[in-house]
Amino acid sequence: MTTWNERFETGHAQIDAEHREFFRQLNALKGAVESGAGRERVVDLITILQTYVLGHFAREEAHMARVDCPALQANCAAHRDFALKLEHWLELLTMSGTPVSMLLDVHRESIGWIEAHIINIDCRLRGCVSKGSPHEAGG
Ligand SMILES: [Fe+2]
């Protein structure tokens, strides 16, 4: 089981909490496949993961934009790639011939992606400070 650890800390409490949830959902997916869950259940879990991840990506990109993080463009591009991957995996899994065990490869690839992504891109938030809320901006 892969868990979140301090190496993945971006310095932003909500983003870190969302990354932990991402790991939790991926582990739940793996657990479901290993315990023999049927295709329908697995597709449900990936759909939940997809909804969660897309919301997380949008929130994280908005935060990066707010703090002028230099990793913003790279982050958006990486998020788009991963979102397409998820879409493709869902398509494959809804085809009846695809074995549900393929999900173990999806899990492995997703964990690898998220770990590298957080460390190489999301953690660049560490050096970025908020410029304050729009209400405070004085013109
Ligand atoms: Fe990201």
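**Core and helix packing**

Modeller: The largest nonpolar core has 14 residues, and those with the most contacts inside it are Phe22, Leu26, Leu29, Leu45, Ile46 and Leu49. A nonpolar core is a set of buried Ala, Val, Leu, Ile, Met, Phe, Trp, Tyr and Cys residues joined through C-beta atoms within 7 Å. A residue is buried if 20 or more other C-beta atoms lie within 10 Å of its own, with C-beta atoms placed from the backbone.

Biologist: Which helices each supply at least two residues of this core?

Modeller: Helix 1 (13–34), helix 2 (39–66) and helix 4 (102–120) do. Helices are DSSP runs of H or I with at least four residues, and strands are runs of E with at least two, numbered from the N terminus.

Biologist: Is this an experimental or a predicted model, and how are residues numbered?

Modeller: This is a predicted model: local features need pLDDT of at least 70, side-chain atom pairs count only at pLDDT 80 or more, and totals for chains, interfaces and linings use all residues. Residues are numbered from 1 along each chain as its sequence is written.

Biologist: What is leucine 49 in contact with, leaving aside neighbours within four places in sequence?

Modeller: Gln25 and Leu29; a contact requires C-beta atoms, placed from the backbone, within 7 Å.

Biologist: And what is the secondary structure of the protein chain?

Modeller: It comprises four helices and zero strands, in the pattern α-α-α-α along the sequence. The C-alpha atoms fill a box of roughly 60 × 25 × 20 Å along the principal axes. Of the 139 residues, 20% are buried.

Biologist: At what angle do helix 1 and helix 4 pack?

Modeller: At about 165°, with their axes 10 Å apart. Axes are lines fitted to C-alpha atoms, for helices over the stretch in contact, and angles run from 0 to 180 degrees between N-to-C directions. Helix 1 and helix 4 are therefore roughly antiparallel, the term for angles over 145 degrees.

Biologist: Which residues of helix 1 meet helix 4?

Modeller: His19, Phe22, Leu26, Leu29, Lys30 and Val33 in helix 1 meet Leu103, Leu104, His107, Ser110, Ile111, Ile114 and Ile118 in helix 4. The residues of this contact divide into nine nonpolar, three polar and one charged. Here Ala, Val, Leu, Ile, Met, Phe, Trp, Tyr, Cys and Pro count as nonpolar, Asp, Glu, Lys and Arg as charged, and the others, Gly among them, as polar.

Biologist: How do helix 2 and helix 3 cross?

Modeller: The axes of helix 2 and helix 3 (residues 72–94) come within 10 Å and cross at roughly 170°. The two helices are therefore roughly antiparallel to each other. Their contact has 15 nonpolar, five polar and three charged residues.

Terms used: A residue is buried if 20 or more other C-beta atoms lie within 10 Å of its own, exposed if 12 or fewer, and partly exposed in between; C-beta atoms are placed from the backbone. Two residues are in contact if their C-beta atoms, placed from the backbone, lie within 7 Å. Angles under 35 degrees count as roughly parallel, over 145 as roughly antiparallel, 65 to 115 as roughly perpendicular and the rest as oblique.
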